[in-house]
Amino acid sequence: MTKRAPGGGRKPKPTALKLLQGNPGKRALNKNAPTPDALAEVPEAPEWFGDIAAHIWCQVAPWLVESQILTATDLHNLECFCMAYQRWREAQDDITKNGIVVMGAKQEIKNPACTVANETMRQMATYGALLGLDPSSRARLKPPETAEKKNPFAVLR
């Protein structure tokens, strides 16, 4: 019999995410799991953001709040996403300006901005998936059920 490495395997989903995505296996949910409340208002972009990061914050944060996805505990993920986006845009600008190959000390080398662009794209994909910003992550999210479903025929009673 083989032993599993400590921490190996898939990490468990938070209960709140299971509720959003549905529970097709009908497994028991942790009733004592912390449930942070979704933010009701769009938070201001951090002051230390550059113009590009602040712009993407203003595009993404309202949708996340409206969709009741963004909580106070998720703000760091949104900050990381916005900063990765800014770094990616800056790297792309450098690649456009200087090309994929630049002159090194003795010979032509790959533009270091290409590496930055690739790394930041991976970061954007990771943080974007955590926030439901890509199509496959968004498909797994279900908006929270409203407390009261309106019956259009209730007035006829």
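Student: OK, so a nonpolar core is a set of buried Ala, Val, Leu, Ile, Met, Phe, Trp, Tyr and Cys residues joined through side-chain atoms within 4.5 Å. How many residues does the largest nonpolar core have here?

Tutor: It has 18 residues. Keep in mind that this is a predicted model. Inside that core, the residues with the most contacts are Leu-64, Leu-78, Phe-81 and Cys-82.

Student: Which helices supply at least two residues each?

Tutor: That would be α2, α3 and α4. The most comes from α2, which gives seven residues.

Student: And what does a second, separate core include?

Tutor: That one has five residues, among them Ala-91, Ile-95, Cys-114 and Ala-117. As background, nonpolar side chains in soluble globular proteins tend to be buried together.

Student: Back to Cys-82. What is it in contact with, leaving aside neighbours within four places in sequence?

Tutor: Cys-82 is in contact with Phe-49, Ala-53, Ile-56 and Trp-57.

Student: Let me zoom out for a second. How many helices and strands are in the chain?

Tutor: Five helices and two strands. Going along the sequence, the pattern is α-α-α-β-β-α-α. The chain has 157 residues, and 25% of them count as buried.

Student: How many of the contacts between residues at least 6 apart in sequence join residues at least 24 apart?

Tutor: 61% of them do.

Student: Now α2. How many residues does it have, and how far does it reach?

Tutor: α2 covers residues 51–66, so 16 residues, and spans 23 Å from its first C-alpha to its last. That is close to the 22 Å expected at 1.5 Å a residue.

Student: Where does α2 bend?

Tutor: At Cys-58, by about 25 degrees. Within four residues after that comes a proline, Pro-62.

Student: Which residues of α2 are buried?

Tutor: Ala-53, Ile-56, Trp-57, Val-60, Ala-61, Leu-64 and Val-65. The buried residues of α2 pack against α3 and against α4, which runs 112–131.

Student: Switching to rings. How many aromatic pairs does the structure hold?

Tutor: Three aromatic pairs. Take Phe-49 and Trp-57: their ring centres are 5.7 Å apart and their planes sit at 75 degrees, so this pair is edge-to-face.

Student: Why does 75 degrees make it edge-to-face?

Tutor: Because planes over 60 degrees apart count as edge-to-face, and the planes of Phe-49 and Trp-57 are at 75 degrees.

Student: Is that pair made of buried or exposed residues? Start with Phe-49.

Tutor: Phe-49 is buried, because its relative accessible area is 9% and the cut-off for buried is under 20%. Trp-57 counts as buried too, at 2%.

Student: Which residues form one aromatic cluster?

Tutor: Trp-48, Phe-49 and Trp-57.

Student: Last topic, the loop between α2 and α3. What about Gln-68?

Tutor: Gln-68 sits in that loop and has a positive phi of about 60 degrees although it is not a glycine. At 43% relative accessibility, Gln-68 counts as partly exposed.

Student: And where is Thr-71?

Tutor: Thr-71 is in the loop between α2 and α3 as well, and it counts as buried at 7% relative accessibility. Setting aside residues up to four places away in sequence, Thr-71 touches Pro-36, Asp-37, Ala-38 and Leu-39.

Student: What joins the side chains of Thr-71 and Asp-74?

Tutor: A polar contact of 2.9 Å. Asp-74 is found in the loop between α2 and α3, and it touches Ile-69 and Leu-131, not counting residues up to four places away in sequence.

Student: How far apart are Asp-74 and Ala-38?

Tutor: In sequence they are 36 residues apart, while in space they are 9.5 Å apart, C-alpha to C-alpha.

Technical notes. Residues are numbered from 1 along each chain as its sequence is written. This is a predicted model: local features need pLDDT of at least 70, side-chain atom pairs count only at pLDDT 80 or more; totals for chains, interfaces and linings use all residues. Side-chain values use heavy atoms; hydrogens and water are left out. Rings of Phe, Tyr and Trp (its six-membered ring) pair if their centres lie within 6.5 Å; planes under 30 degrees apart count as stacked, over 60 as edge-to-face and the rest as tilted. Buried means under 20% relative accessible area, exposed over 50%, partly exposed in between (1.4 Å probe, protein chains only). The expected span of a helix is 1.5 Å times one less than its number of residues. The bend at a residue is the angle between axes fitted to the seven residues ending there and the seven starting there. Contact means heavy atoms within 4.5 Å. A polar contact is a pair of N or O atoms within 3.5 Å; within protein, one must be able to donate a hydrogen and the other to accept it, and residues adjacent in sequence count only if both atoms are side-chain atoms.
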